[in-house]
Amino acid sequence: MRAELEREYVEYVKARLPVLRRVAYQLTGDAHRGDDVVQQAITRLYLKWKRAREADNLDAYAHTVLVRVFLDEKRLSWSRVRLVGAVPERPSPASTAVEDRAVLRAALAQVPPRQRAVLVLRFLADRSVDEVAGILGCTTGTVKSQTSHGLASMRRLLGNGAFVSTGTGE
Amino acid sequence: MERLLDALRDDPLPPSAVDIERALTDGRRSVRRRRMASVVAAGCAVLAVAGGVSVAGLPNAGTPPAVEQSTAAPTPTATPTPSRAPASFDPTRRYATVGWLPAGMTQLHTLTGTDQFSLRADPPAGPKDAPSDPAQDVSYVMLRIVPTGYDIRPLDHGVPFARKEAVTTKWPAETETEPVHGRRARWNTNVAAANGIGLRWEYAPDAWAEVLVQGRAAGPDHRATARRIAESVRYGVDEPIPLPFRVPPLPGTLRPMSVSLHTSTATPRAGWNAGISYGDGKRSANGEWPLAVRAFPRSSQTGGGGAGEPNTTIDGHAARRWDWTDADGGEGLGIYGVKGLYVGLVTDDDTTTRQLPGGLGQLFRGMELYPDPRDWR
């Protein structure tokens, strides 16, 4: 890659790193694993940079790379995953915001990977249904159904207490 | 629910462990590898068999392999063990051979380096009947040997690697077992994928070998197969590896660093692929050797099958040139349909190219090619 393109790439990655790290953290539920995913994603982005920089929506392109690394990682490591059937521990009524986040994070981590990706991209990375469909390479209908299933999974995991607010996912 | 998820928006993150410089280094290395592969592996279906770029073959391509292939019960064969292992290997010579392989292993690969010697055997690609003995239903077997003081690293996509470091500190997933050739041995379950088993043994003081058997399905125990292969190993063979080409004399800084040879006992005249890499002992920052030469049967004078279209000619042969101007530079030259072969030559940087009088074109003109495996030398 030419030096000027490399500079451009470095500037972009530096600027977007906080967002990419946060999305990866939300996808993986673990900051260190999230950073591993980002590390792989930005390496792939380097290899695709000439095409990526020409994309209509570079951020969406970067998110696509990130999510695919995450999903690939989940797929390749599937045999090593020990499926946990237990619902995350419910917080006490006096739980703090920190504890709420921990419970939410634990619940989100148990949502199937593609549904989790949809929830994270839509509700935490503020991507539209169309953009999420582009990132995941599926139809908008699939995004909507995955959203619905993902939210249902969250509800099931978190129970029906006052802790859970309402939402349709649409 | 969406509002509930909002609580995760500002979840505090620890300091970043992401390294942009490492991404640049890894990215540049991948670009280099792709470029080099585009020259020396263009249109080469054989390379895909072993799942990596560094594949090769076994002894005397074109003749039946010097191994017994049987489904009979394992019968250890006594072989002398060396009292001392080499400090390094000669990449142009075969250090060891195996005397037995499971039935049906027709694709044979040799990969050498100063710090490693490996033989890998695969069944032919495509659907096949399962052997009557499930323990021999394997996707590949591999022997890896390293010189004194090197560790055998976990497999990386089937490509063997050695690393010089204290060997005895690296036994995370191993259990002691009966000796091999009277030397201490361990089972290694930490192999590349599930259904695999590795048998490691100290073939000479502070020098280790390993046989990997990668099963096709869960269930069968491949330990007997691994042990039988290990017991059939002969060390210190020290035979030249026959190659389908001879490269003219090179500057002293370009010595053979690695040989890869793939042969097929099923299709000996068409199913081979041979390459040799040169350098002064140190890989480039891109992880490559400075000069690589490869040849394999391909009579077509045009692109396709992964080969780019020719953009020049060399002595009347269709050819393709690559000239990379960024980073360290480097050149590639692929010549199509020379005596029924594709020949690829590639340098990793401009410094290496300048060391070659007349460049890659002149290097090609000085090569002797032996398309018939019976003529290899």
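**A walk through the cores, a helix and a strand**

The largest nonpolar core has 47 residues, and Ala24(A), Ala41(A) and Leu66(A) have the most contacts inside it. (A nonpolar core here is a set of buried Ala, Val, Leu, Ile, Met, Phe, Trp, Tyr and Cys residues joined through C-beta atoms within 7 Å; buried means that 20 or more other C-beta atoms lie within 10 Å of a residue's own, exposed means 12 or fewer, and partly exposed is in between, with C-beta atoms placed from the backbone.) Two or more residues each come from α1 (3-28), α2 (31-47), α4 (58-76), α5 (97-110), α6 (113-124), α7 (129-136) and α8 (140-158) of chain A, and also from α1 (2-5) of chain B. Domain 1 (1-77) and domain 2 (95-165) of chain A both contribute residues, so this core lies between them; the domain bounds come from an automatic or database domain assignment.

Before going further, a word on the model: it is predicted, so local features need pLDDT of at least 70 and side-chain atom pairs count only at pLDDT 80 or more, while totals for chains, interfaces and linings use all residues. Residues are numbered from 1 along each chain as its sequence is written, and chains are lettered from A and ligands numbered from 1 in the order in which they are written.

Back to Leu66(A). Setting aside neighbours within four places in sequence, Leu66(A) touches Leu20(A), Val23(A), Ala24(A), Val37(A), Val38(A) and Ala41(A), where contact means that two C-beta atoms, placed from the backbone, lie within 7 Å. There's also a second, separate core of 38 residues, and Val98(B), Tyr140(B), Leu212(B) and Tyr235(B) are among them.

Chain A has eight helices and zero strands. (Helices are DSSP runs of H or I with at least four residues, strands are runs of E with at least two, and both are numbered from the N terminus.) Of the 170 residues in chain A, 37% are buried. Among its contacts with a separation of 6 or more, 60% link residues 24 or more positions apart.

Take α6(A) as an example. How many of its 12 residues are buried? The count is 10, so to speak a mostly covered helix, with Arg116(A), Arg122(A) and Phe123(A) among the buried ones. At 1.5 Å a residue, its 12 residues should span 16 Å, and the end C-alpha atoms are 15 Å apart, which agrees; the expected span is 1.5 Å times one less than the number of residues. After α6(A) comes Asp126(A), with a positive phi near 55 degrees.

Over in chain B, have a look at strand β5 (residues 107-113), where seven of seven residues are buried. In a regular strand the side chains alternate between the two faces of the sheet. Here both faces are covered: Gln107(B), His109(B), Leu111(B) and Gly113(B) sit on one side, with Leu108(B), Thr110(B) and Thr112(B) on the other. β5(B) runs antiparallel to β6 (residues 116-122) of chain B, joined by seven bridges, and the two form a hairpin with two residues between them. Strands count as paired if DSSP finds at least two bridges between them. Thr112(B) has Phe117(B) as its bridge partner in β6(B). β5(B) also pairs with β17 (residues 255-264) of chain B, antiparallel over five bridges, and there His109(B) is partnered by His262(B).
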